[in-house]
Protein chains: 2
Amino acid sequence: MRFIPALRSRWASANTLLCVGLDPDPAKLPAHLPREDALFGFCRAIVDATADYACAFKPQIAYFAAQRGEDVLEELIDYIHNAHPGIPVVLDAKRGDIGSTAELYAREAFERYRADAVTVNPFLGRDSVQPFLDHADKGVIVLCRTSNAGGSELQFLDSQEGPVYLQIARRVAEQWNTHGNCGLVVGATFPHELAHVRALVGDLPLLVPGIGAQGGGIDATVKAGEGTETAGLMISSSRAILYARTDAEFADAARHAARATRDAINSARRRP
Amino acid sequence: MRFIPALRSRWASANTLLCVGLDPDPAKLPAHLPREDALFGFCRAIVDATADYACAFKPQIAYFAAQRGEDVLEELIDYIHNAHPGIPVVLDAKRGDIGSTAELYAREAFERYRADAVTVNPFLGRDSVQPFLDHADKGVIVLCRTSNAGGSELQFLDSQEGPVYLQIARRVAEQWNTHGNCGLVVGATFPHELAHVRALVGDLPLLVPGIGAQGGGIDATVKAGEGTETAGLMISSSRAILYARTDAEFADAARHAARATRDAINSARRRP
């Protein structure tokens, strides 16, 4: 699977821009799930319940690492590939390190976990991202303007050539994207800045966290971020879907929440 | 163990500023080690051979993660705490994510791995680092000016208030360090900038990678980075020590390399 073509194909065939985030918080897992299988069982049920409405799945590696669940994460991504072929998996890892170490992180994401794309942190510059970029069939989604309040602290510093986040957008679109496998992370909490990024980067795919629990509005996000020719957006929601209910009906509730979010996104699109 | 006092105590009692980096590259492990125990056996031998000359050990998590070695990393840090009490362990993970996820990364570093300090990426701002800072007894070592060439791309962007890396140094020293548990990563490859950082941050501990294999000079590093009252530096070397030899004599060779590096550092100090 080549990530960007698979994503475009999924946008079109499933008519959805919703990216389902898999952030399994141990404190919130439904109590009725057998304890020894709760982490995998929960994630598999969410995946099966929401797959019809997902353009991508985005497991957040910290949730697995904090509970010694690396083997569960491997198993989960395998499961998605087998049970739902054609839905790409974005490993949300936000890695960033010097070249020799970055090569190992790329191996971790793409070989060990078999992710189709990974999020990376641009703070160490292009040579730190190059080992990921060299996997031309994989997606490399670079942090640009994050959804948290503190993101402004560095990302909004203004240099002679404009704020840091726009310099990242420009560099990724114009210089780092030689294999055509890049995307950017731009939070839904800043639709004005999302529009600035979109204006700079053409149809580059944007991963947009921050709707739902973090408070970003869907209408403003879609209007600010939609691409010109293709859909262009992976609008990510995690907690509002995963924990729509935490009893035995959690999977049905997640399915309803995913469908409602997909529909709300599509209602805001110029070409649903 | 409180990280900063433990580090100061170790600087004084062992008279060393050398931080031994544990980056066990599977392609470089001595061939004679039994395959099923090579990763742990190699690291343990390096730790025992170099402990006399180490102010800290710094395992790089990517090397373990890329070879499904999380359990080995847990075991290794346990081993260091038990066999060499008083030598702090810095987990080199360079994590950076929004608050709720950062809490899980903090749990991973401090509870799962029992590290005494962790490296973090400041790109997402203070709220992303706060969950680490809240562990007041643990060290939080923030990337400032990294040792790779590409580091200049963002870290050297010049805003109205000066280059990005100096703004990070200032914010960490003046605002983020409320618990007195912060440090900064500043590469040895840029001694001029290391001096600028030192001038801004008083005696804040600096973790300095980039000597040895990456080419930074020890004399220039020590002269630029030494603190005013205390030692102030963890000068990190990994490959030049770990792979001094790769045959049955690797541990002895590592010990000699560590001692020679410790001595070279001390020769450059104002108060060895």
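**Ground rules.** I am working from a predicted model, where local features need pLDDT of at least 70, side-chain atom pairs count only at pLDDT 80 or more, and totals for chains, interfaces and linings use all residues. Residues are numbered from 1 along each chain as its sequence is written, chains are lettered from A and ligands numbered from 1 in the order in which they are written, and side-chain values use heavy atoms, with hydrogens and water left out.

**Salt bridges.** I looked up the total and found 30 salt bridges over all chains (a side-chain nitrogen of Lys or Arg within 4 Å of a carboxyl oxygen of Asp or Glu).

I then picked B:Lys94 and A:Asp97, whose side chains meet in a salt bridge at 3.0 Å, N to O. B:Lys94 lies in strand 3 (residues 90-95) of chain B and A:Asp97 in the loop between strand 3 (90-95) and helix 5 of chain A, so the pair joins two chains. Helices (H or I, at least four residues) and strands (E, at least two) are DSSP runs, numbered from the N terminus. Buried or exposed? I noted B:Lys94 as buried at 10% relative accessibility, and A:Asp97 as buried at 2%. My cut-offs are under 20% relative accessible area for buried, over 50% for exposed and partly exposed in between (1.4 Å probe, protein chains only).

Next I checked A:Glu193 and A:Arg145, a salt bridge at 2.1 Å, N to O. This pair links distant parts of the chain, 48 residues apart: A:Glu193 is in helix 9 (residues 191-201) and A:Arg145 in strand 5 (residues 139-145) of chain A. Both A:Glu193 and A:Arg145 are buried.

B:Arg245 is partly exposed at 40%, and B:Asp247 is partly exposed at 32%. I also noted a network in which salt bridges that share partners join A:Lys58, A:Asp92, A:Lys94 and B:Asp97.

**Negative patch.** On the surface, A:Glu36, A:Asp37, A:Asp71 and A:Glu75 gather in a patch of negative charge (residues with over 30% relative accessible area and no salt bridge, like charges joined within 9 Å). I placed A:Asp37 in the loop between strand 1 (18-22) and helix 2 (38-50) of chain A.

**Ser159.** Which residues does A:Ser159 touch? I listed A:Gln167, B:Asp158 and B:Ser159, not counting residues up to four places away in sequence (contact means heavy atoms within 4.5 Å). A:Ser159 sits in strand 6 (residues 158-159) of chain A and is buried at 9% relative accessibility.

Key:
Patch = residues over 30% accessible without salt bridge, like charges linked within 9 Å, V, L, I, M, F, W, Y side chains within 5 Å. Areas by Shrake-Rupley, 256 points an atom, 1.4 Å probe, with all protein chains shown as cover. Lys, Arg positive; Asp, Glu negative; His and termini not counted. Charge placed at Lys NZ, Arg CZ, Asp CG, Glu CD.
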